[in-house]
Amino acid sequence: MNKGTRTGVRAVLARWRGRDIELKSPGEIDAMRVAGGLVAQALAAVTAAARPGVSTGELDAIAEQVIRDGGGVPSFLGYHGYPASICASLNEQIVHGIPAGTQVLADGDLLSVDCGAIVEGWHGDAAVTLAVGTVAPADLALSAACREALDAGIAAVRPDARLTDVSHAVQAAAEAAGRRDGSPYGIVEEYGGHGIGTSMHMDPFLPNHGAPGHGPRLVVGMALAVEPMLTGGDAETRELDDGWTVVTADGSRAAHWEHSVAVTDDGPRILTLPLG
Ligand code: MF3
Ligand code: CO
């Protein structure tokens with residue numbers, strides 16, 4: 001369909017093995033960039049506020065305020081009953097930690113913050129891992145490795161690549177970082193990235209590991225949330241009784257970095273960076 005004839009939030013679809021993958025026009029990608037910019041702004045505010053003595057509940061309130069002040073809606077709040085606007089995953093928590101006023105940050109904590117916002121029907125989703133006060137060098141290295149894996153995955157989000165080229169790039173970078181740092185990182189396999197656009201979680205699911213050359217071909221107009229999760233030990237996970245919080249089975253610490261990225265003619269366009 002000609003992009004000029006489309007209005008509002010109704011993207012076209014590509015089909016792959018019976019599944020729909022949403023294709024966005026350039027104007028719709030620009031709209032996603034606005035939502036992504038607001039997520040980046042919320043994460044920047046949380047990053048600035050995170051220090052020993054501050055609770056993750058306070059960080060949640062900060063993120064929600066930034067999103068609402070920017071004309072957006074927090075996408076996590078109410079998602080399958082999720083009770084907050086961010087996920088705050090502390091130390092051995094990998095993802096989906098629920099922020100709380102009683103969860104107070106301490107010096108040496110490693111905190112992953114995941115945030116999503118909707119603006120004009122378009123979603124942005126991103127995560128950062130933050131060092132609270134002075135953090136052990138091994139934890140800083142873990143976070144850096146996860147960020148490198150994210151960067152490698154993003155670089156593979158190009159027209160005519162296959163989906164698992166991204167997966168493979170993430171895995172290869174995580175493994176290279178582990179070799180460099182002298183201890184292998186665990187690559188969490190139960191969770192992964194996803195298509196994003198008019199919903200937060202859309203097809204295709206994007207594994208963070210695997211052989212390249214499989215899955216749908218990436219075409220201009222697709223958007224993916226790339227989000228590696230690495231651990232300092234084993235990759236096995238466990239879900240807490242709250243029904244959300246995912247922790248490492250061995251108690252090792254975890255990192256999580258995420259960006260929403262569009263496939264463009266010029267290569268990957270990161271949608272969840274701060275707006276100029
Ligand atoms: N944003 C997370 C992801 O990266 C999902 C959060 S689920 C929620 O895919 F329920 F916490 F919102
Ligand atoms: Co995501």
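Analyst: Ile67 belongs to helix 2, which runs over residues 56-69; helices here are DSSP runs of H or I with at least four residues, strands are runs of E with at least two, and both are numbered from the N terminus. The model is a predicted one, in which local features need pLDDT of at least 70 and side-chain atom pairs count only at pLDDT 80 or more, while totals for chains, interfaces and linings use all residues. Residues are numbered from 1 along each chain as its sequence is written, and chains are lettered from A and ligands numbered from 1 in the order in which they are written.

Ile67 counts as buried because it has 29 C-beta neighbours inside 10 Å; the term requires 20 or more other C-beta atoms within 10 Å of the residue's own, exposed means 12 or fewer, partly exposed lies in between, and C-beta atoms are placed from the backbone. Leaving out residues up to four places away in sequence, Ile67 touches Leu38, Ala42, Gly72, Val73, Pro74, Ser85 and Ala117, where a contact means that the two C-beta atoms, placed from the backbone, lie within 7 Å. Ile67 and Ile118 are 51 residues apart along the chain, and their C-alpha atoms are separated by 8.7 Å.

From here we can turn to the annotated site. The unreviewed UniProt entry gives a "binding site" annotation to Asp114, Asp125 and Glu258; such annotations may be inferred rather than shown by experiment, and their positions are given in the numbering used here, with feature names shortened. These three residues are spread over 145 residues of sequence and yet cluster in space, with a largest C-alpha distance of 7.9 Å. Asp125 sits in strand 7, residues 122-131, and is classed as buried because 26 C-beta neighbours lie inside 10 Å. Beyond four places in sequence, the contacts of Asp125 are with Val39, Gly116, Ile196, Met200, Ala225, Glu258 and Ser260. Glu258, by contrast, lies in the loop between strand 15 (254-256) and strand 16 (259-264), and with 27 C-beta neighbours inside 10 Å it too counts as buried. When neighbours within four places in sequence are set aside, Glu258 is in contact with Asp114, Asp125, Ala126, Ala127, Leu150, Ala225, Val226 and Glu227.

Asp114, Asp125 and Glu258 are also among the residues around ligand 1, together with Phe76, Tyr79, His80, Tyr82, Cys87, His96, Gly116, Ala225 and Glu227; a residue is near a molecule if its C-beta atom, placed from the backbone, lies within 6 Å of it. This shell divides into 5 nonpolar, 3 polar and 4 charged residues, with Ala, Val, Leu, Ile, Met, Phe, Trp, Tyr, Cys and Pro taken as nonpolar, Asp, Glu, Lys and Arg as charged, and the others, Gly among them, as polar.

Gly182, which follows helix 4, has a positive phi near 85°.

Some backbone details deserve a note. Most residues other than glycine have a negative phi, and most peptide bonds are trans. The peptide bond from Asp203 to Pro204 is cis, with omega near 0°, and Pro204 is in strand 10. Asn91 has a positive phi of about 55° although it is not a glycine; Asn91 is in the loop between strand 4 (86-90) and strand 5 (93-95).

For the whole, the protein has 4 helices and 17 strands. Its radius of gyration is 18 Å, close to the 19 Å that the globule rule gives for 276 residues, so it is as compact as a globular protein of that length; the radius is taken over C-alpha atoms, and the rule is 2.2 Å times the number of residues to the power 0.38. Of the 276 residues, 51% count as buried.
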